[in-house]
Amino acid sequence: MKEFKEGIKQCFFTLIVTFAAMLFFTVFLPTSPYKEYKGDAKNPNNVKTEMPLKLSLNEEKSLFKVDKQDILLYDYSMPGNYKYQVFLNKIEKGKVYLKMFDLVTNRILSEKEIKKDSQIEVYNPTEELKEFGLSDPITVEEGEWGDYYGSRVEVWFQPDDSTQPERKLITKNYIIQGQ
């Protein structure tokens, strides 16, 4: 009989602890590192910026019309990770890659890694726009999850002909976050 009473006490104590834990996690719900952007990024000169588009892990993209040379930046898998695609015409054989800068400080972001990871082979001698990409994932190391800031994204072109200099093709401003 004594063992039965001890068993009942243990069951009752277990229920109380379980209920307290459920109440604690209901009231103090853990916060997600994915803070929603609410237009609070620093933009001292009121530069026009855009948010990266959403890209699911199966790389399904929204349809849209592009009528000039452009770059589209996509959020990919987790904060600080991005992919991009570029639309070009009248371009000789070569590679495009990205350079990303903090809009406030003009500091280049993750320079070597982004240049290496963002390279895409391109060639389109026609006037018609051609889509290139999606790139491999690129990671912005500067910053933290949920800390959004403005970034100038530049598309650079390195011709296969080594006698020709590199040149900047496109510049666009995005609100990004680091990893």
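Analyst: Of the 179 residues in the chain, 35% count as buried. Buried means under 20% relative accessible area, exposed means over 50%, and partly exposed is in between, with a 1.4 Å probe and protein chains only. This is a predicted model, where local features need pLDDT of at least 70 and side-chain atom pairs count only at pLDDT 80 or more, while totals for chains, interfaces and linings use all residues. Residues are numbered from 1 along each chain as its sequence is written, and side-chain values use heavy atoms, with hydrogens and water left out.

User: How many helices and strands are in the chain?

Analyst: There are 2 helices and 10 strands. Along the sequence they follow the pattern α-β-β-β-β-β-α-β-β-β-β-β. Helices (H or I, at least four residues) and strands (E, at least two) are DSSP runs, numbered from the N terminus.

User: What span should helix α1 have, and how far apart are its end C-alpha atoms?

Analyst: The expected span of a helix is 1.5 Å times one less than its number of residues. Helix α1 covers residues 2–27, which is 26 residues, so it should span 38 Å. Its end C-alpha atoms are 38 Å apart, which agrees.

User: Why is α1 said to lie largely in the open?

Analyst: Of its 26 residues, the number buried is 0, so α1 lies largely in the open.

User: Is Ser-118 buried or exposed, and how do you know?

Analyst: Buried: Ser-118 has a relative accessible area of 0%, and the cut-off is under 20%. Ser-118 sits in the loop between α2 (111–117) and β6 (120–124). Leaving aside neighbours within four places in sequence, Ser-118 is in contact (heavy atoms within 4.5 Å) with Tyr-84, Val-96, Tyr-97, Leu-98, Ser-135 and Ile-138.

User: What about Gly-150: buried or exposed?

Analyst: Gly-150 has 3% relative accessibility, so it counts as buried. Gly-150 is found in strand β9 (residues 148–159). Gly-150 and Thr-49 are 101 residues apart in sequence, yet 7.2 Å apart in space, C-alpha to C-alpha.

User: What share of the contacts comes from residues 24 or more positions apart?

Analyst: Among contacts in the chain with a separation of 6 or more, residues 24 or more positions apart account for 66%.

User: What makes a set of residues a nonpolar core, and which members of the largest one touch the most others?

Analyst: A nonpolar core is a set of buried Ala, Val, Leu, Ile, Met, Phe, Trp, Tyr and Cys residues joined through side-chain atoms within 4.5 Å. The largest one here has 29 residues, and Val-96, Met-100 and Ile-176 touch the most other members. The elements that give two or more residues to this core are β2 (70–76), β3 (81–88), β4 (91–102), β6, β9 and β10 (167–177). In soluble globular proteins, nonpolar side chains tend to be buried together. Not counting residues up to four places away in sequence, Ile-176 touches several residues, including Leu-73, Tyr-82, Met-100 and Leu-109.

User: Why is the link between Asp-70 and Lys-172 called a salt bridge?

Analyst: A salt bridge needs a side-chain nitrogen of Lys or Arg within 4 Å of a carboxyl oxygen of Asp or Glu. For Asp-70 and Lys-172 the closest N and O atoms are 3.0 Å apart, and the pair forms a salt bridge. The pair links distant parts of the chain, with Asp-70 in strand β2 and Lys-172 in strand β10, 102 residues apart. Asp-70 counts as buried at 13% relative accessibility, and Lys-172 counts as buried at 12%. Glu-50, Asp-70 and Lys-172 are linked in a network of salt bridges.

User: How many salt bridges are there by this rule?

Analyst: The count comes to 10 salt bridges. One of them joins the side chains of Glu-121 and Lys-95 (3.9 Å, N to O). Glu-121 counts as exposed at 53% relative accessibility, while Lys-95 is partly exposed at 31%.

User: What puts Lys-115 over the face of Tyr-97?

Analyst: A charge sits over a ring if NZ of Lys or CZ of Arg is within 6 Å of the ring centre and within 35 degrees of the ring normal. Lys-115 lies over the face of Tyr-97 at 4.8 Å from the ring centre. Arg-152 lies over the face of Phe-101, at 4.2 Å from the ring centre.
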